[in-house]
Amino acid sequence: MTGDSSQSPPSPDRRGLIAFSWLWVGVPLAYGLYELVRKAAQLFTG
């Protein structure tokens, strides 16, 4: 073993995939949280 435990940065073609994956999960999550807050506000304010 070389003892080097640092990881190299992702290659450019993987960066696109990583960004797409974050968006694929993040956009519906953000929308769900927005709807949750909106419905909770309606519930507590009438």
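1. Ground rules. This is a predicted model, in which local features need pLDDT of at least 70 and side-chain atom pairs count only at pLDDT 80 or more, while totals for chains, interfaces and linings use all residues. Residues are numbered from 1 along each chain as its sequence is written, and side-chain values use heavy atoms, with hydrogens and water left out.

2. Overall fold. The secondary structure comes to one helix and zero strands; helices (H or I, at least four residues) and strands (E, at least two) are DSSP runs, numbered from the N terminus. Helix 1 covers residues 12–45, and Gly46, with a positive phi near 100°, follows helix 1.

3. Helix length. The 34 residues of helix 1 should span 50 Å at 1.5 Å a residue, and the end C-alpha atoms are 48 Å apart, which agrees. The expected span here is 1.5 Å times one less than the number of residues.

4. Surface. The protein has an accessible surface of about 4600 Å², and 68% of that belongs to carbon and sulfur atoms; areas come from the Shrake-Rupley method with a 1.4 Å probe, and for residues only the protein chains shown count as cover. Of the 46 residues, 2% are buried (buried means under 20% relative accessible area, exposed over 50%, partly exposed in between, with a 1.4 Å probe and protein chains only).

5. The salt bridge. There is one salt bridge in the structure, meaning a side-chain nitrogen of Lys or Arg within 4 Å of a carboxyl oxygen of Asp or Glu. Arg38 makes it with Glu35, and the closest N and O atoms are 3.0 Å apart. Both residues sit in helix 1, three residues apart, about one turn of the helix. Glu35 counts as buried because its relative accessibility is 17%, whereas Arg38, at 35%, counts as partly exposed.

6. The aromatic pair. The structure holds one aromatic pair. Phe20 and Trp24 form it, tilted, at 5.6 Å centre to centre with 40° between the planes. For the cut-offs, rings of Phe, Tyr and Trp (its six-membered ring) pair if their centres lie within 6.5 Å; planes under 30 degrees apart count as stacked, over 60 as edge-to-face and the rest as tilted. Phe20 and Trp24 are four residues apart in helix 1, about one turn.

7. The nonpolar patch. Leu17, Phe20, Trp24 and Val25 make a nonpolar surface patch of about 470 Å². Patches take residues with over 30% relative accessible area and no salt bridge, joining like charges within 9 Å and nonpolar side chains (Val, Leu, Ile, Met, Phe, Trp, Tyr) within 5 Å. Trp24 is exposed at 61%, and Phe20 is partly exposed at 47%.
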